[in-house]
Amino acid sequence: MKTRKIIFGSLLSLGLVLTLAGCGSQAKSSAGKTTKNSVALVTDGGGIDDKSFNQSAWEGLKAWGKENKFSKGVGGYDYAQSTSPSDFTPNINKLIKAKYKTVLGIGYQVQKNIADASKQNSDVNFVIVDSVIPNQKNVASVMFKAEQSSFLAGVAAAETTKTNKVGFIGGVKSDIVEGFQAGFTQGVKAVNKNISVDVKYAGSFSKADLGKSLADAMYSNQEDVIYQAAGGTGNGVFTSAKGLAKDGKKVWVIGVDRDQKADGKYNGGNVTLASAVKEVGIAVQDLSNKALKGNFPGGKTIEYDLKDKGVSLVNDNMSKSAEIQVNAYKEKIINGDISVSAKAN
């Protein structure tokens with residue numbers, strides 16, 4: 001597997017959509033040239049309003065469309081929302097039939113479906129985000145070192161907790177989500193090995209009520225900081241925290257994939273401590289522009305990390321002392337003094 005790191009500073013100057021041979025509806029680029037490029041994404045179960053991974057991808061695609069003066073719909077850009085894994089293949093086929101020239105699968109759950117479709121449609125460019133499809137010349141794979149930003153989330157939690165008890169809530173258990181868990185636990189233990197980390201999985205990325213129930217139980221157990229990597233299920237964690245905060249209890253949530261500060265806002269304050277961000281939207285823009293310029297990196301894996309600024313921890317409500325510690329550990333990771341494992345113990 002060929003892995004190429006891309007310096008994040010160049011992402012904004014490099015562009016995003018895929019050059020495909022064949023017929024398609026025409027759209028106007030920002031330069032006014034007629035093109036035959038179009039791009040659409042397929043969500044996993046979270047949907048484009050999950051305030052997390054899929055939403056970030058969709059925001060990136062919309063930004064690309066605006067930048068290049070494409071319209072939403074056939075011939076421009078669009079999305080197909082999945083409510084369950086059974087929707088993945090029908091959604092991909094629908095977009096191919098509609099002559100979209102690039103199809104992006106958002107999330108590791110769509111990996112097999114994208115792999116199958118790519119073999120049957122060699123004239124279409126495909127992107128898989130958060131997974132790898134090797135040795136397929138019309139597929140670009142995108143990966144993020146989310147364990148690194150999760151490590152920093154663990155540092156923030158350890159520097160903030162008053163009870164020495166914190167929690168992690170994941171969506172569907174997988175190598176990707178376990179990477180969040182692993183990095184978080186390592187970060188917590190790097191600060192204080194005596195802090196306990198309670199780990200729970202919801203088994204879904206789209207059950208906010210279940211996320212709330214899991215969070216309610218953790219907060220009742222005096223776990224005062226929860227890191228959630230659960231897509232739409234994570235919305236319930238925020239609901240739980242805000243309800244308790246309104247009653248005067250000091251609890252926190254660490255957001256994931258995008259800056260979730262707005263999701264923590266309630267009348268009287270905000271429960272979002274920090275957000276472990278994956279620049280999914282920028283990656284979507286980057287790849288789409290590369291293809292638009294005839295440089296689609298088919299057959300390659302593109303990896304984004306702390307050094308490239310492809311992942312980060314956003315300070316939403318951390319204390320100054322916590323922020324100082326987070327930045328110190330960030331430099332250690334970038335310099336290679338700390339190696340973060342993506343494998344949970």
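Helix axes are lines fitted to C-alpha atoms over the stretch in contact, and the angles between their N-to-C directions run from 0 to 180 degrees. Helices (H or I, at least four residues) and strands (E, at least two) are DSSP runs, numbered from the N terminus.

This is a predicted model, in which local features need pLDDT of at least 70 and side-chain atom pairs count only at pLDDT 80 or more, while totals for chains, interfaces and linings use all residues. Residues are numbered from 1 along each chain as its sequence is written, and side-chain values use heavy atoms, with hydrogens and water left out.

**View 1. Helix 2 meets helix 3.** The axes of helix 2 (residues 88–97) and helix 3 (residues 111–120) cross at roughly 35 degrees and come within 9 Å. This crossing is right-handed; a crossing has that name if the near helix is turned clockwise from the far one by less than a right angle, and is left-handed if anticlockwise. Look for Phe88, Thr89, Ile92 and Ile96 on helix 2, which touch Asn113, Ile114 and Ala117 on helix 3 (contact means heavy atoms within 4.5 Å).

**View 2. Helix 6 packs against helix 7.** Here helix 6 (residues 208–220) and helix 7 (residues 235–246) have axes 6 Å apart, at an angle of about 45 degrees. Helix 6 is therefore oblique to helix 7: angles under 35 degrees count as roughly parallel, over 145 as roughly antiparallel, 65 to 115 as roughly perpendicular and the rest as oblique.

**View 3. Helix 1 and its buried residues.** Helix 1 (residues 53–67) has 15 residues and spans 21 Å from first C-alpha to last, close to the 21 Å expected at 1.5 Å a residue (the expected span is 1.5 Å times one less than the number of residues). Its buried residues include Phe53, Trp58, Leu61 and Trp64; buried means under 20% relative accessible area, exposed over 50% and partly exposed in between, with a 1.4 Å probe and protein chains only. After helix 1 comes lysine 69, with a positive phi near 60 degrees.

**View 4. Alanine 262 in its loop.** You can find alanine 262 in the loop between strand 12 (252–257) and strand 13 (265–266). Alanine 262 counts as exposed because its relative accessibility is 66%. Lysine 51 is 211 residues away from alanine 262 in sequence, yet their C-alpha atoms are 9.6 Å apart in space.
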